[in-house]
Amino acid sequence: MRSLRHDSGRGRGCLPNSNRQWSSAFTLIELLVVIAIIAILASLLLPSLAKAKEQGRQINCLSNQKQLQLCWELYTDDNHNIFPPNDDITSLGIQGIDPNNKTSWCQGWPLTDTNTAGIQSGLLFPYDTSVGIYHCPSDMSQAQDASGNPLPLARTRSYNMSQSVNGLGLLPNPNMVAAGYPGGAPVDVFQPCFSTIASITNPAPANLFVFIDENEGTIYDAQFGYPMPNNGYGVWWDMPSNRHTQGANLSFADGHVERWKWQFPMVYLLLQGEIGQTVPPAQMADYTRVGNAMRIKLVDGQPD
């Protein structure tokens, strides 16, 4: 009898496989719900991840400029407190600077350079031999060949130095001849080109930028140019970048670096290499801000 009760219990506890009522597979509706949830989460997370990635690049860019600023200061200390020359430009039609002579903080043309020889021949390179500090990690622009065709190479440089920091201030500007100035007018008649810290009084060193993250549409020499009050004012000769969430990074003569947020996007609409994009009214506040960080503050177009 004990054995029969035991067998009977086993029979009630173990149903045949054909009578089991569960299934381990997803139904189609359940699968679609899971996919929808994943899609929603991805749409929420991807912008945050992209923002975090750009913030990392922005910090890296600021670090690059901090290191370049340090090189600038070390050169100045080694050269009787005179800033490194900022003479490698093309806009005045004077490309006669011998590339074999170290005449400028940096040489070469980022638009067409396929190597870093121009960077390495610059006056600042011995103070930090890392070519990577000359390139913004958010700058995705490519070098071009002589015909303007993009090459599968990243640009070698993203930063330029302010015209007002030991730029070509004493060089007669041939464009001024046509404007009625005999022999051309030196740039620094209207715009200071400081050569020492002691000479920087207006704006103060903390407000005078040295390096700037330049727009990929305008960077093709080593100097960030800005029009004089009586010659082309209201036009971008060189434009700041728009890479860092509608902003750009700058270093200043007192050694600090910071990001500037633009009120209006810095988009260069002219063809690569063209100079002179008119500043739209919505961008004038940013244009004036950049100008005030390069030279004596203007009021109604005249020095304050």
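Glu-216 and Arg-243 form a salt bridge, with the closest N and O atoms 2.8 Å apart; the term covers a side-chain nitrogen of Lys or Arg within 4 Å of a carboxyl oxygen of Asp or Glu. Glu-216 lies in the loop between E6 and strand E7 (223-224) and Arg-243 in the loop between E8 and E9, so the pair ties together parts that are 27 residues apart in sequence. Salt bridges with shared partners join Asp-139, Asp-213, Glu-216 and Arg-243 into one network. This is a predicted model, in which local features need pLDDT of at least 70 and side-chain atom pairs count only at pLDDT 80 or more, while totals for chains, interfaces and linings use all residues. Residues are numbered from 1 along each chain as its sequence is written, and side-chain values use heavy atoms, with hydrogens and water left out.

**Salt-bridge network**

- The search of the whole structure finds three salt bridges.
- Asp-139 and Arg-243 meet through their side chains in a salt bridge of 3.7 Å, N to O.
- This pair links distant parts of the chain, 104 residues apart: Asp-139 is in the loop between helix H3 (117-120) and strand E1 (142-144), and Arg-243 is in the loop between strand E8 (235-236) and strand E9 (247-252).
- Arg-243 also meets Asp-213 in a salt bridge, at 2.5 Å, N to O.
- Here the partners are 30 residues apart, with Asp-213 in strand E6 (residues 209-213) and Arg-243 in the loop between E8 and E9.
- Asp-139 counts as buried at 4% relative accessibility, and Arg-243 counts as buried at 13%.
- Asp-213 is buried too, as is Arg-243, whereas Glu-216 is partly exposed, with a relative accessible area of 31%.
- Buried means under 20% relative accessible area, exposed means over 50%, and partly exposed is in between (1.4 Å probe, protein chains only).

**Fold and sheet**

- The chain has five helices and 13 strands; helices (H or I, at least four residues) and strands (E, at least two) are DSSP runs, numbered from the N terminus.
- Five strands form an open sheet with mixed pairing, in the order E7-E3-E6-E9-E10.
- E7 and E10 stand at the edges with a single partner strand each, so one side of each is left without a neighbour in the sheet.
- E9 and strand E10 (residues 257-261) run antiparallel and are joined by five bridges; two strands pair if DSSP finds at least two bridges between them.
- Within this pair, Gly-247 stands opposite Lys-261 in E10.
- The two strands E9 and E10 form a hairpin with four residues between them, and Gly-255 in the turn has a positive phi of about 105°.

**Nonpolar cores**

- The largest nonpolar core has 25 residues, and those with the most contacts inside it are Trp-72, Trp-105, Leu-124, Tyr-134 and Phe-211.
- H2, strand E3 (159-162) and E6 are the elements that give two or more residues to this core.
- Five residues, the largest share of the core, come from H2.
- A nonpolar core is a set of buried Ala, Val, Leu, Ile, Met, Phe, Trp, Tyr and Cys residues joined through side-chain atoms within 4.5 Å.
- Trp-72 touches residues including Phe-83, Leu-124, Met-161, Phe-211 and Ala-253, with residues up to four places away in sequence not counted; contact means heavy atoms within 4.5 Å.

**Ile-212**

- Ile-212 is in strand E6 and is buried, with a relative accessible area of 0%.
- Not counting residues up to four places away in sequence, Ile-212 touches residues including Gln-65, Tyr-159, Phe-224, Pro-240 and Leu-250.
- Ile-212 and Arg-259 are 47 residues apart in sequence, with their C-alpha atoms 9.8 Å apart in space.

**Surface and chain totals**

- Ile-29, Val-33, Ile-37, Ile-40, Leu-41, Leu-44 and Leu-45 form a nonpolar patch on the surface, with about 700 Å² of accessible area together.
- Patches are made of residues with over 30% relative accessible area and no salt bridge, with like charges joined within 9 Å and nonpolar side chains (Val, Leu, Ile, Met, Phe, Trp, Tyr) within 5 Å.
- The chain exposes about 16000 Å², of which carbon and sulfur atoms supply 59%.
- Accessible areas come from the Shrake-Rupley method with a 1.4 Å probe; for residues, only the protein chains shown count as cover.
- Of the 304 residues of the chain, 40% count as buried.
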